Structure formats: C-alpha cells, structure tokens
Amino acid sequence: MSALGWLVAEEALRLLKCAYPPMYVPVARPHCTLALGVDRSIKLPAPRKAIVFARVDDPGGVEVLLVRIDAATVRPDGAVFHITWSLAVGRKPRDSHVAIRDWPATLRHEPIEVDLVPARF
C-alpha cells in the first residue's frame, strides 16, 4: 500500500519559498496527498495545477500551505488538501491535519498557482 498524489514541481518550490519563507525546517520534498492506503497497481493521477491560497502556522512547529485543486479544497477522504511546508524538530507531516483543525489560516491576498507532478509515496 502507498499514498498517491503530487509532488510540488521544482520551479513552484522556488516561487513558494519566496512567498512563504519556511518558518521551521523545510520539508525535503513537499507534496500534496490525494489518497492514502492505495494499492500500488492504481494508476497515478494526472498532473494538476494547485492554487495556494492560505498558510497555517501551529507555533509548536508545523507550517502548512492550504491548496485548491480543480476547485476543491477537500480530498475524497474528507481531509483538507494541503502541502506540509516546514516542521520543527520532532514534528511529523501527519501533524499537519491537527494544525489545520486547531489553528487559523492566514489567507493570501493573491493566491499562487503552482504545478503538481504525479507521484506515489
């Protein structure tokens, strides 16, 4: 079993780092999950454009970028589409879900469109 989704394209990473300098340790390869626990035989999703429209900061060390994909902000499993952007030592990417639930989002005046590359992780 694996997870399916998209990696943030290299050019998009540079753009996002300028707009959102990481507050904690940057995540090695930021991605956006579409589905968890997927059989490895399931085909990868198509490339997508995502709109980064807000940031969530849990002052305990989790920084998350909220995204919209194909006009949706919620994944098929009910979780919010997001990119875990940076983490303090000891924090895990799964902590993003708690940060999204417990901390307010700061909306971006001008959302940023980024390219997402299909991936399995």
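Val-52 sits across from Ile-112, a residue of β7. The strands here are DSSP runs (E, at least two residues), numbered from the N terminus, with helices being H or I runs of at least four. Strand β4 covers residues 48-58 and pairs with β7 in the antiparallel sense over eight bridges. As for "pairs", that takes at least two bridges found by DSSP between the two strands.

## What this rests on

This is a predicted model, where local features need pLDDT of at least 70 and side-chain atom pairs count only at pLDDT 80 or more, while totals for chains, interfaces and linings use all residues. Numbering starts from 1 along each chain as its sequence is written, and side-chain values use heavy atoms, with hydrogens and water left out.

## β1 and its two partners

Strand β1 (residues 2-8) runs antiparallel to β7 (residues 105-120), joined by five bridges. Leu-7 has Val-117 as its bridge partner in β7, and Trp-6 stands opposite Pro-118 in β7.

β1 also runs antiparallel to β3 (residues 31-38), again with five bridges. On that side, Trp-6 has Cys-32 as its bridge partner.

## How covered is β1?

Mostly: six of the seven residues in β1 are buried. Buried means under 20% relative accessible area, exposed means over 50%, and partly exposed is in between (1.4 Å probe, protein chains only).

Take Ser-2, which is found in β1. Ser-2 counts as buried because its relative accessibility is 6%. Setting aside neighbours within four places in sequence, Ser-2 is in contact (heavy atoms within 4.5 Å) with Ala-35, Leu-36, Gly-37, Val-38, Arg-40, Arg-120 and Phe-121.
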